[in-house]
Amino acid sequence: MFGLIGHLTSLEHAQSVARDLGYPEYAAQGLDFWCSAPPQIVDTIKVSSITGQKIEGQYVESCFLPEMLESRRIKAATRKIMNAMAHAQKNGINITALGGFSSIVFEKFNLQKFQQIRDITLEFKRFTTGNTHTAYILSKQVEQGAKKLGIDLSKATVAVCGATGDIGSGVCRWLNTKTDVGELLLVAREQERLKSLQAELGRGKIIELATALPLADIVVWVASMPKGVEISPDALRKPCLLIDGGYPKNMATKIQQSGIYVLNGGIVEHSLDIDWKIMKIVNMDVPGRQLFACFAESMLLEFEKLYTNFSWGRNLITVEKMDLIGKLSLKHGFKPLMLSGIHS
Ligand code: NDP
């Protein structure tokens, strides 16, 4: 059995989902209520592979919300993630993906040291961040998106916003070794980490976001931002492909201007319908088939009975592991979101 630990994108989103699901008393509640809500299994999922294999999984809602990252609620945020992991393990789930902010909170607050949650000793090998598959899918979206828009990658400038992050660094490694990219722009805030990534890659220009945007043919957004940033379309090249892999989205506005293409990043489409409700709640365009690549990673590990924390720690994603998870992704019928997700 596989598991997915997820959360909603904001308090407003949580309130509207509660209203839609017929819990008006929850919909009226503020952040304090969500801080005290326990994790819950809210969906049972059945997935078939194109190989004919069938697996079953469960979706664990952690009740974490990005607003909990403000300083006085950090304890609640970390508690949500640990309790959700304990809940998954207690329910016998073999391999669970830590979706959205779950793995970011886990790493940032070094939660590895809190292995004992009441009577449960967390077995970390039962969890994966899902970030290797996400980095692979984003890299493929760069390659396939460029092709679709007639952008010659060998002459193109690709900016990775969140380059020093777990997913961003994986994407940079792939673009550096597997793809012939003209210029690579590295965007993040902390300079030391940027310099060490640049040294590892042996290339890449460290640059501020505002300076990078007008230069980039393709922008990969993988910053861990509780709220998206506002971008003026006038600041962008045309054509320009914006691949937004953040959850919540890194861009605050839906940009609609000729020559600017926005692609839902880090999303896969399965070849067969998945029996679940949850992707409707997070507003996927085709909720029966589209899902976050990190969630798909736990499905792939379940299909292969690879009960191991395939993606774990920070900035350890290798091109070899991206290649491996990419092959499994294709084998079981997943593909990077592409044509239907691009609109001008
Ligand atoms: P990390 O925390 O490892 O990395 C985040 C990166 O963003 C760092 O480089 C950080 O560097 C940078 N960053 C943060 N804030 C800003 C800012 N204001 N401006 C510029 N850079 C910034 O995160 P992950 O790599 O684990 O995740 C990245 C994103 O991907 C998140 O939004 C996450 O929710 C999403 N995600 C999507 C998945 C999917 O399946 N589609 C799966 C898992 C995650 P610095 O702090 O130095 O600025």
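Predicted model: local features only at pLDDT ≥ 70, side-chain atom pairs only at ≥ 80, totals over all residues.
Visitor: How many helices and strands does the protein chain have?

Guide: Helices (H or I, at least four residues) and strands (E, at least two) are DSSP runs, numbered from the N terminus. Here the protein chain has 12 helices and 16 strands. Its radius of gyration is 19 Å, close to the 20 Å that the globule rule gives for 344 residues, so the chain is as compact as a globular protein of that length. That radius is taken over C-alpha atoms, and the rule is 2.2 Å times the number of residues to the power 0.38. The C-alpha atoms fill a box of roughly 55 × 45 × 35 Å along the principal axes.

Visitor: What share of the residues is buried?

Guide: Buried means under 20% relative accessible area, exposed over 50%, and partly exposed in between (1.4 Å probe, protein chains only). In this chain, buried residues make up 57% of the 344.

Visitor: Which residues have the most contacts inside the largest nonpolar core?

Guide: In soluble globular proteins, nonpolar side chains tend to be buried together. A nonpolar core is a set of buried Ala, Val, Leu, Ile, Met, Phe, Trp, Tyr and Cys residues joined through side-chain atoms within 4.5 Å. The largest one here has 101 residues, and Met85, Val160, Ile218 and Leu291 have the most contacts inside it. A second, separate core of 20 residues includes Val219, Leu236, Cys240 and Leu242.

Visitor: What does Ile218 touch?

Guide: A contact means heavy atoms within 4.5 Å. Leaving out residues up to four places away in sequence, the partners of Ile218 include Val142, Ile151, Leu153, Leu241 and Ile243.

Visitor: Which residues form a nonpolar patch on the surface?

Guide: Patches are made of residues with over 30% relative accessible area and no salt bridge; like charges are joined within 9 Å, nonpolar side chains (Val, Leu, Ile, Met, Phe, Trp, Tyr) within 5 Å. Leu21, Tyr23 and Tyr26 form such a patch, with about 280 Å² of accessible area together, computed by the Shrake-Rupley method with a 1.4 Å probe, where only the protein chains shown count as cover for residues. Tyr26 lies in helix α2 (residues 24–27) and is partly exposed at 32% relative accessibility.

Visitor: How many salt bridges are there, and where does Arg314 pair?

Guide: Side chains of opposite charge can pair when their charged atoms come close. A salt bridge is a side-chain nitrogen of Lys or Arg within 4 Å of a carboxyl oxygen of Asp or Glu. The count comes to 17 salt bridges. Arg314 meets Asp166 at 3.6 Å, N to O. This pair links distant parts of the chain, 148 residues apart: Arg314 is in the loop between α11 (293–303) and α12 (319–331), and Asp166 is in helix α7 (residues 166–177). Arg314 is partly exposed at 29%, whereas Asp166 is buried at 6%.

Visitor: What parts does the pair of Arg237 and Asp217 tie together?

Guide: Their side chains meet at 3.0 Å, N to O. Arg237 lies in the loop between β11 (218–221) and β12 (240–244) and Asp217 in the loop between α9 (209–212) and β11, so the pair ties together parts 20 residues apart in sequence.

Note on methods: Residues numbered from 1 in each chain as written. Heavy atoms only, no water.
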